[in-house]
Amino acid sequence: MVVLLQRAVLLIVDDNWIAKVLGVALILLPPIGAWALVRELLFGSRMQKLAKILEAEGGLPVDDLPRTPGGRIVREAADAEFVKYQREAEAAPDDWRSWFRLSCAYDAAGDRKRARSSMRDAIAMFRSSPVPQ
């Protein structure tokens, strides 16, 4: 970090405007990267905590979907299974468990963006629940 900061200062004091922009970027990018790393680590830690609770309750979805010879989940089977978890989440919209399982179904169906969004919703519901978990 010290060397990076030194290089950034050298670039900022240079007369070339491109060097100045690169120097500012060298100062700004490491904190942004550290923030993103911490955010992802917290997301993974919180997701793992919820998974352990669901596992203890026997509520984790079973991974028994058929797979291709390459190991990927068969998309049609995942889509068919997805409907079950979608209905569960619609029936219990305030239950973090249903959103966790919906997130797993999104992931199995190949929709990572919605899987992460559903998992964030599950984590937020868990963290805001009044009953200690």
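## S98 in helix α4

S98 sits in helix α4, which covers residues 96-108; helices here are DSSP runs of H or I with at least four residues, numbered from the N terminus. The model is a predicted one, in which local features need pLDDT of at least 70, side-chain atom pairs count only at pLDDT 80 or more, and totals for chains, interfaces and linings use all residues. Residues are numbered from 1 along each chain as its sequence is written, and side-chain values use heavy atoms, with hydrogens and water left out.

S98 counts as buried because its relative accessibility is 1%; buried means under 20% relative accessible area, exposed over 50%, and partly exposed in between, with a 1.4 Å probe and protein chains only. The S98 side chain reaches the backbone oxygen of D95 at 2.8 Å. With neighbours within four places in sequence left aside, S98 is in contact (heavy atoms within 4.5 Å) with E88, A89 and A92.

## R101 in helix α4

R101 also belongs to helix α4. At 13% relative accessibility, R101 counts as buried. Not counting residues up to four places away in sequence, R101 touches L54, G59, P61, Y85 and E88.

## Helix α3

Helix α3 comprises the 17 residues 75-91. At 1.5 Å a residue it should span 24 Å, and its end C-alpha atoms are 24 Å apart, which agrees; the expected span is 1.5 Å times one less than the number of residues.

The buried residues of α3 are A78, F82, Y85 and A89. These buried residues pack against α4. In an α-helix there are 3.6 residues a turn, so residues three or four places apart point the same way.

## Crossing of α2 and α5

The axes of helix α2 (residues 17-57) and helix α5 (residues 112-128) come within 10 Å and cross at roughly 70°. That makes α2 roughly perpendicular to α5, the class for angles of 65 to 115 degrees, where under 35 is roughly parallel, over 145 roughly antiparallel and the rest oblique. Axes are lines fitted to C-alpha atoms, for helices over the stretch in contact, and angles run from 0 to 180 degrees between N-to-C directions.

On the α2 side, R39, E40, F43, R46, M47, K49, L50 and I53 meet R116, M119, R120, A122, I123, F126 and R127 of α5.

M1 lies in the segment before α1 (2-12). With 75% relative accessibility, M1 counts as exposed. From C-alpha to C-alpha, M1 and V83 are 49 Å apart in space, and they are 82 residues apart in sequence.

Note on methods: Helix = DSSP H or I, 4+ residues; strand = E, 2+ residues; numbered from the N terminus. Polar contact = N/O pair within 3.5 Å; in protein donor to acceptor, adjacent residues only side chain to side chain.
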